[in-house]
Number of protein chains: 2
Amino acid sequence: MSSSTMNAGSMSNHFGLFLPTILSQSNDEQLSNWLEPTFGGKIIGCYAQTELGHGSNVRGLLTIAEFDKTTQEFVLNTPTLPSIKWWPGTLGKAATHAIVYAQLILDGKEHGVQAFLMQIRDENHRPLPGIEVGDLGPKMGDHANDTGFLRLENVRIPREMMLAKNQEVTPEGKFISRTSSGNSKSHYSTMMLARASFIMMAGAYLARAVTIAMRYSCVRRQGFEDTASTSFRAPEKQIIDYQVQRYRVFKQLAIAYAFKFSSQWLSNRQAAKKGGDEKDALQDLKEIAATGAGLKGLCTYMTWEGIEDCRKCCGGNGYLMVSGLAPLSQDYVWQITAEGDYILMILQLAKFLLSTYQDAVKGVPVSEQCDYLADIAKPNFNSEALRPPAAKSFRDFLDLGVLLSWYKYRALVTLVDVAAQYTGKLSEGVPKDVAFNECALAGTHAVRAHCFYFLLRNFIQAIKAVADKPVQVVLTQVATLFGLCLMIDENWGGCLSRADLSMVKQANAHILDVLRPNAIALVDAFDIPDRVLGTALGNADGNVYEALYESVKKAPLNQVDPYVGYDQMQKYLDLDILKKRSKL
Amino acid sequence: MSSSTMNAGSMSNHFGLFLPTILSQSNDEQLSNWLEPTFGGKIIGCYAQTELGHGSNVRGLLTIAEFDKTTQEFVLNTPTLPSIKWWPGTLGKAATHAIVYAQLILDGKEHGVQAFLMQIRDENHRPLPGIEVGDLGPKMGDHANDTGFLRLENVRIPREMMLAKNQEVTPEGKFISRTSSGNSKSHYSTMMLARASFIMMAGAYLARAVTIAMRYSCVRRQGFEDTASTSFRAPEKQIIDYQVQRYRVFKQLAIAYAFKFSSQWLSNRQAAKKGGDEKDALQDLKEIAATGAGLKGLCTYMTWEGIEDCRKCCGGNGYLMVSGLAPLSQDYVWQITAEGDYILMILQLAKFLLSTYQDAVKGVPVSEQCDYLADIAKPNFNSEALRPPAAKSFRDFLDLGVLLSWYKYRALVTLVDVAAQYTGKLSEGVPKDVAFNECALAGTHAVRAHCFYFLLRNFIQAIKAVADKPVQVVLTQVATLFGLCLMIDENWGGCLSRADLSMVKQANAHILDVLRPNAIALVDAFDIPDRVLGTALGNADGNVYEALYESVKKAPLNQVDPYVGYDQMQKYLDLDILKKRSKL
Ligand SMILES: Cc1cc2nc3c(=O)[nH]c(=O)nc-3n(C[C@H](O)[C@H](O)[C@H](O)COP(=O)(O)OP(=O)(O)OC[C@H]3O[C@@H](n4cnc5c(N)ncnc54)[C@H](O)[C@@H]3O)c2cc1C
Ligand SMILES: Cc1cc2nc3c(=O)[nH]c(=O)nc-3n(C[C@H](O)[C@H](O)[C@H](O)COP(=O)(O)OP(=O)(O)OC[C@H]3O[C@@H](n4cnc5c(N)ncnc54)[C@H](O)[C@@H]3O)c2cc1C
């Protein structure tokens, strides 16, 4: 049913989570034993971290691994209901092995969460002794994936099965750690890679949705061009020419472009950090990692919002699975939650911004990303000084420089205002955690303001590098629209005056009209083949009605005549009336 | 799969759409023939209006009904691909009859869209000659409904089958209409009834979602109370005590209450209009109808947003169908689109507001709903005079009167600013349709501002009528939260100053804490039985983990061992490795 599922079956978990973990956390001996069968698909693995009771709080996992010196084995248990592993993809039915995260306990002492490679099914694909395993049942989407649970009762695995790149347990049961903390360069790199890939996918998925919605909106006609016309045969308007429809679809187009450019920026920055000095790079890496977290949260959320709005833009037909948009929405939406719930990701960046603010006030230089804080340590600094001059005409808001200055100003004041509250609480003696929580919602606003400034700035920089002038012109219009849309749909209370907001709306109406002729070119430029779109509404040939009508021939209910259950229903019908034909 | 489907099978279309249409559009003879078999379920009917090519633009339908005097029959055709009926629920498999909307053509002259009762399947449940009928295929949700298509080729039905309450075709083929236009009282009443029911359902559905999310948020613990604690056994926080989570869930709670009160208001107003003078009531009815349209659009959209946010508030578990929230979201979302796409509904109210504005400027008195326009015709009227005084402390924003004055001010300026643009265009000679379209997006903003003012005012009025003082106190807090949330999440640019917005956020943080102790009481007050919630996450007993673990036993994939397709997979596995057990 769900043709555009992202995790096309078990293999994506095996190659996307299991293999990378083996690669990054095994010692040399483990690598030489495990890599070949893993690469070759001779075993099928899953990544079992989350439990019934613990997702976001990984440190609180309750699966326990104790070491039995006499047999040189770890004994693994999920002693309580909340400690059952819950959610790993591929675990439900297909996996033979799992990387199980568990609390290592040696002689009663806790040594934190460690990863263990564990066989879970035998050569007949039956669970090994002590193991209860199965599927979690139907999900909202992502149907191609068997998402599982795992219960362990005294399951024993050899000492060598603890992933031992950075730590190990000696035969005597001593714990040896080879890293000081998680603050290593490689730690950040791994996290960033995962996050950058979410942001890249966000742009790609949104582009798919927009391609369908834009094409449909140019083919679909609804509503008479002249509403006073009396004949039902009067010419009708393409729905893309209704301002609200145009706004909705082009807005998502602009966001998709923005995400694509910022994910490129992130990848480039990461690549640049691969070499170089460990210490030098760490602060910078921390910043990129925090930005990556915030963007993972924001971009996955906005992408799903955008997919859904594109789907609704197709009216009733968007509700059909053959739209390609309905499955896209259902299969994508978990990316907001998994591998870092979006609110937690956003709060991570909020924490970083607050501490950057505190540093900046003390005069510590800030990076390019937080350049709006640059002057904050200066005596008599007043954030209102950064407020852009009042616009004279709506055309002022068509200038990318002007827009960027507004976003910069907003990033500044939103952060300054929450920081004032936060530091106020701290100075009253409120504990850090409590103070942060009490400012958390305002913190998410600061993150949004920061990220939108970041996205717009990267967009503008990317455009500067475009060599093809006509393309540069159109991309400039798209970036302008991006800036204007988020001035209309975000809360700019406290920033824009009433006259400003009115002009922003006029500028937006103007740029939408300017962009209209390039509607199709701008989605064709994403270059997504029909095969990937999997849609009846948005194929390149524009034959919407033909494709829809073709699709019903394959509808499952149409393969059975009359229908399963008709026998039951027939009893209540009055067959005599039906025999009389329409003459009730 | 989708247990909380609203249209629990064919009968909801039969009784919810087919029957009411028969009731409201038949003449006495038709009623006496058709009512008994319809009530008794001896025939099963559907409502076939939408076509492949036409949904919102009903006037543009392309199905054609021509009258053949010689046989005294109508001949119905769907001559082109876009004219195929597309979307009627129950049509796909179960229906024996359909109300088919078609363009009536007599001697080549168009007589508008008329409704025809038509038998479509015979006593063996086979399509009658000339009819091609079937299901549309898988949808995003609403799986219990067989949504269909219908192709007609010279299908003949007797003259008596045209629904003839207000019009008929004589045996000589003359068209007789008994109403002047659609502007009758009954016309408005029927529409309003449908819309009021959407708004009522919106409140009810959102209440279900909030009940689940609130209970889960009070049971679920995630994250250490003291983040510095080192043991994984340290106590954890209830997630409702994270500010962002608390905000998200309580916000939806407040919206659900607001919807409930406004839908009561709407029902009461309609009931009051049932008697009385036709002419007197018409203007008032027009206003209630326009408000009903706008609210249908806004409330269905916000309800779905709220269901989805409640779902996401449950983390990964919200993605499981047993959450009760996942199917709620998928089964509800079409209500935004069907029976009036939400944007069209909102634009309908926008049009009404613009014309009310134009009247008000001329001195025509305005109703209570648009009271913010009351003084607009006065000389030297300045909308800024309605701006509430600057707040002195965040506590000012805890006053419902103050909040309402802000909403009133915002409704005024948002409308005034778009009206200025609109009338400006008109005076430049831009045609009305074009001018409206060019202001449409800003028009939707005016509608939102109007509706939020309306919702808050009704909420406040309803609270005044509550006799139980402690209940009144808590409801006042809920209404306050409602007002604050939408000052935070809507664009209050041009209204709130930077200092105001900061105080709004403080007031919001405060009221969230005040409401916390009543978290469970406020959802228990909705009084929704577990049976209706259909959830593993939010049952009244709070046994979340037990219910989740129970649910996997029924998971379809767990009924087959190992799994369908294992044979294929086995070929690639290395069974020797698997025999060796975890010793790779
Ligand atoms: C489709 C899918 C596939 C998955 N695949 C895997 C897999 O292969 N392997 C695996 O191990 N896991 C997997 N997961 C699990 C996933 O990683 C978790 O669902 C995710 O980490 C969120 O955790 P949770 O579900 O426990 O939510 P919770 O942490 O319980 O969050 C619930 C709510 O509380 C809030 N909250 C929680 N903590 C805080 C805090 N400290 N501050 C503020 N708010 C907070 C959240 O914002 C959220 O709204 C998968 C999940 C899904 C949906
Ligand atoms: C689950 C479900 C059940 C249904 N059941 C029935 C049923 O039983 N019987 C039946 O007859 N129909 C039924 N329908 C059809 C439903 O009434 C239509 O889908 C609905 O009226 C919207 O029309 P549309 O799909 O043609 O969208 P369109 O009108 O094509 O809208 C597409 C887009 O264009 C925009 N747009 C269109 N016109 C305008 C305009 N004038 N101004 C501005 N924007 C515009 C819309 O906002 C939307 O974004 C059902 C639909 C669904 C999804």
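Biologist: In which loop of chain A is A:Asp527 found?

Modeller: This is a predicted model. A:Asp527 is in the loop between helix 13 (519-524) and helix 14 (530-533) of chain A.

Biologist: Why is A:Asp527 called exposed?

Modeller: Exposed means over 50% relative accessible area. A:Asp527 has 63%, so the label applies.

Biologist: What makes the phi of A:Asp527 worth a remark?

Modeller: Most residues other than glycine have a negative phi. A:Asp527 is not a glycine, yet its phi is positive, near 60°.

Biologist: Where is B:Asp142, and what is its phi?

Modeller: B:Asp142 sits in the loop between strand 7 (131-135) and strand 8 (147-152) of chain B. Its phi is positive, about 55°, although B:Asp142 is not a glycine.

Biologist: How do you know whether B:Asp142 is buried or exposed?

Modeller: Buried means under 20%. B:Asp142 has a relative accessible area of 5%, so it counts as buried.

Biologist: Which residue carries the "active site" feature in UniProt?

Modeller: The UniProt record, an unreviewed entry, places that feature at A:Glu339. Such annotations may be inferred rather than shown by experiment. A:Glu339 lies in the loop between helix 6 (325-332) and helix 7 of chain A.

Biologist: Why is A:Glu339 called partly exposed?

Modeller: Under 20% would be buried and over 50% exposed. A:Glu339 has 46% relative accessibility, in between, so it is partly exposed.

Biologist: What does A:Glu339 touch?

Modeller: Leaving out residues up to four places away in sequence, A:Glu339 touches A:Leu17, A:Ala194, A:Phe198 and A:Lys296.

Biologist: Why is the site of ligand 2 called shared between chains?

Modeller: Residues from chains A and B surround ligand 2, so both chains build the site. The shell has 30 residues. The closest are A:Arg220, A:Gln245, B:Thr50, B:Ser56 and B:Asp341.

Biologist: How much of ligand 2 does the protein bury?

Modeller: Taken alone, ligand 2 exposes 970 Å², and the protein buries 92% of that.

Biologist: Where does ligand 1 lie, and which residues are closest?

Modeller: Ligand 1 lies between chains A and B. Of its 29 surrounding residues, the closest are A:Thr50, A:Ser56, A:Asp341, B:Arg220 and B:Gln245. By class, the shell has 13 nonpolar, 11 polar and five charged residues.

Biologist: What kind of peptide bond joins A:Asp561 and A:Pro562?

Modeller: A cis one, with omega about -10°. Most peptide bonds are trans. A:Pro562 is in the loop between helix 15 (544-552) and helix 16 (566-570) of chain A. In chain B, a cis bond joins B:Asp561 and B:Pro562, with omega about -10°.

Technical notes. Residues are numbered from 1 along each chain as its sequence is written. Chains are lettered from A and ligands numbered from 1 in the order in which they are written. This is a predicted model: local features need pLDDT of at least 70, side-chain atom pairs count only at pLDDT 80 or more; totals for chains, interfaces and linings use all residues. Side-chain values use heavy atoms; hydrogens and water are left out. A residue is near a molecule or strand if one of its heavy atoms lies within 4 Å of it. Ala, Val, Leu, Ile, Met, Phe, Trp, Tyr, Cys and Pro count as nonpolar, Asp, Glu, Lys and Arg as charged, and the others, Gly among them, as polar. Accessible areas come from the Shrake-Rupley method with a 1.4 Å probe; for residues, only the protein chains shown count as cover. Helices (H or I, at least four residues) and strands (E, at least two) are DSSP runs, numbered from the N terminus. Buried means under 20% relative accessible area, exposed over 50%, partly exposed in between (1.4 Å probe, protein chains only). Contact means heavy atoms within 4.5 Å.
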